[in-house]
Amino acid sequence: MFADADGELRGVTTAASLQRVLEHYFASDWNADRVFVTGDLVQDDTPGAYDRFREIMLPLKMRMHCLPGNHDVRDLMRKVCGLPPFSYCAYEEFHNWLMISLDSCISGEAGGNIAADELDRLDHTVNSSSAQHVVVCLHHPPVAMGSAWLDTVGLEKGEEFLQHLQSLAKVRLTVFGHAHQPYDAEHCGIRVLGTPSTCRQFLPDSEDFAVDDCPPAYRRITLHSDGSIDNELILVDA
Ligand SMILES: [Fe+2]
């Protein structure tokens, strides 16, 4: 988002594009309980951009779990996303699932890592929970995306992080943002999902930065109480 309602990112008016995604959801017969917002909410570092995000998202009238991306300004984001119905890097237990959002950002850098205190928070939350299944949300992909430029700004020691999730024995799913393209695979026994942006996408398998014509998108994820997962990628035509 931009503070300016007409703000454009690589030729896409981002507020209108997000609005279109929400309209698609409202016109569908699929009803969500929660939203995962996986970072990079703003482009212009302004409080007004977060206010715009809030204004567009509020009609969803459900709890929205938010976490920061490398384009976010933590202090500004916390002021908006720390207030209900939003939550900021929080956790929640819901129908035998623990949902937890992590901060994978490094100030001033595009790439990310999971700092030791954030990993401790994850461990403590998972080990204290009576939920049998866990979904971990973060901004940076813990896997190689196959794009040289993008893989230099992914999650440091992603494989180690996934092995750590596996060692917690209850993590079934991890969800990331940042990559602006679809991803769906299993690593270390954990389903790993990435979802294209609600605005402009990045070209998959590209050596250098390049944008893709793929439309805005969102992903419908169903977490069953037995730990199984269904998901569907929804592309929203302009
Ligand atoms: Fe990002």
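Visitor: Is the crossing of H4 and H6 left-handed or right-handed?
Guide: The crossing is right-handed. A crossing is right-handed if the near helix is turned clockwise from the far one by less than a right angle, and left-handed if anticlockwise. This is a predicted model: local features need pLDDT of at least 70, side-chain atom pairs count only at pLDDT 80 or more, and totals for chains, interfaces and linings use all residues. Residues are numbered from 1 along each chain as its sequence is written, and side-chain values use heavy atoms, without hydrogens and water.

Visitor: Why are H4 and H6 called roughly parallel?
Guide: Helix H4 (residues 116-128) and helix H6 (residues 158-167) pack at about 20 degrees, their axes 11 Å apart. Angles under 35 degrees count as roughly parallel, over 145 as roughly antiparallel, 65 to 115 as roughly perpendicular and the rest as oblique. H4 and H6 are therefore roughly parallel.

Visitor: Which residues make the contact?
Guide: H4 supplies Leu119, Leu122 and Asp123; H6 supplies Phe161, His164 and Leu165. Contact means heavy atoms within 4.5 Å. Four of these residues are nonpolar, one is polar and one is charged.

Visitor: What makes S3 and S5 edge strands?
Guide: The open sheet runs in the order S3-S4-S5, with parallel pairing. Strand S3 (34-37) and strand S5 (86-88) each pair on one side only.

Visitor: How do you know that S3 and S4 pair?
Guide: Two strands pair if DSSP finds at least two bridges between them. S3 and strand S4 (residues 63-66) have four bridges, in the parallel sense.

How values were computed
Axes fitted to C-alpha atoms, helices over the stretch in contact; angles between N-to-C directions. Helix = DSSP H or I, 4+ residues; strand = E, 2+ residues; numbered from the N terminus. Nonpolar A, V, L, I, M, F, W, Y, C, P; charged D, E, K, R; others polar.
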